[in-house]
Amino acid sequence: MNPSEPAMRLRVFRVLLAAVAIGFGLLTLVAGARVLAGADPGYVVFRPLLLFNTAMGAAYVAAGVAMLRSATWGKRAAGAILALNLLALATILALYASGSGAVASASLGAMTLRTAIWLALFVGLNRIIRPTFNP
């Protein structure tokens, strides 16, 4: 095995993680913009969550760019986004559990997915920084 091959694999893995972050961010921006423009998603929209998620779409893209430039900065960005998404998830879970009807179950599912994706990105970047990754 060429000595530079592990480094190349880690770089490719980092680029893939960045592509996921950027792609997910762009999809989040488009979906949020559509609903803000009046599209009906088919469930009750909790406007503060819509605004949060749409703004986070831009943060997702920025984090993806950070991942391309540096695994360390990318990990920091992913960790911050993960923390914010966990906070948002906990908040809407509490609202949902209160029975107020302000938050749809679809919103809980979507926020859970966002949180899981950013957990995976954070863990992936952590593995790049502390190489135990052996594809």
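**Entry 1. Burial and overall form**

I began with burial: 33% of the 135 residues in the protein chain are buried. Buried here means under 20% relative accessible area, exposed means over 50%, and partly exposed lies in between (1.4 Å probe, protein chains only). This is a predicted model, where local features need pLDDT of at least 70, side-chain atom pairs count only at pLDDT 80 or more, and totals for chains, interfaces and linings use all residues. Residues are numbered from 1 along each chain as its sequence is written, and side-chain values use heavy atoms, with hydrogens and water left out.

I looked up the elements next. The protein chain has four helices and zero strands, in the order α-α-α-α from the N terminus. Helices (H or I, at least four residues) and strands (E, at least two) are DSSP runs, numbered from the N terminus. The C-alpha trace spans about 60 × 30 × 20 Å along its principal axes.

I then took the surface total. The protein chain exposes about 7,500 Å², with 69% supplied by carbon and sulfur atoms. Areas come from the Shrake-Rupley method with a 1.4 Å probe; for residues, only the protein chains shown count as cover.

**Entry 2. Contacts and cores**

I checked contacts, meaning heavy atoms within 4.5 Å. Among those between residues at least 6 apart in sequence, 77% join residues at least 24 apart.

Which residues have the most contacts inside the largest nonpolar core? They are Leu-17, Met-67, Trp-118 and Ile-128, in a core of 19 residues. H1, H2, H3 and H4 each supply at least two residues of this core. H1 gives the largest share, six residues. A second, separate core of seven residues includes Ile-92, Val-103, Leu-108 and Met-111. A nonpolar core is a set of buried Ala, Val, Leu, Ile, Met, Phe, Trp, Tyr and Cys residues joined through side-chain atoms within 4.5 Å.

Leaving aside its neighbours within four places in sequence, Ile-128 is in contact with Leu-10, Phe-13, Arg-14, Leu-17 and Ala-71.

**Entry 3. Helix H2**

I compared the span of H2 (residues 47-69) with expectation. Its 23 residues should span 33 Å at 1.5 Å a residue, and the end C-alpha atoms are 34 Å apart, which agrees. The expected span is 1.5 Å times one less than the number of residues.

I listed the buried residues of H2; among them are Leu-49, Asn-53, Thr-54, Tyr-60 and Met-67. Their cover includes H1, helix H3 (71-97) and helix H4 (105-129).

I searched for salt bridges (a side-chain nitrogen of Lys or Arg within 4 Å of a carboxyl oxygen of Asp or Glu). The structure holds one. Glu-5 and Arg-9 form a salt bridge through their side chains, 2.9 Å from N to O. They are four residues apart in helix H1, so about one helical turn separates them. Glu-5 is partly exposed at 30% relative accessibility. Arg-9 is partly exposed too, at 29%.

I also found a nonpolar surface patch of about 300 Å², made by Met-8, Val-12 and Leu-16. Patches take residues with over 30% relative accessible area and no salt bridge; like charges are joined within 9 Å, nonpolar side chains (Val, Leu, Ile, Met, Phe, Trp, Tyr) within 5 Å. Leu-16 lies in helix H1 (residues 5-36). It counts as exposed because its relative accessibility is 53%.

**Entry 4. One distance**

I picked Ala-94, in helix H3. Ala-94 counts as partly exposed at 48% relative accessibility. Ala-94 and Arg-14 are 80 residues apart in sequence and 35 Å apart in space, C-alpha to C-alpha.
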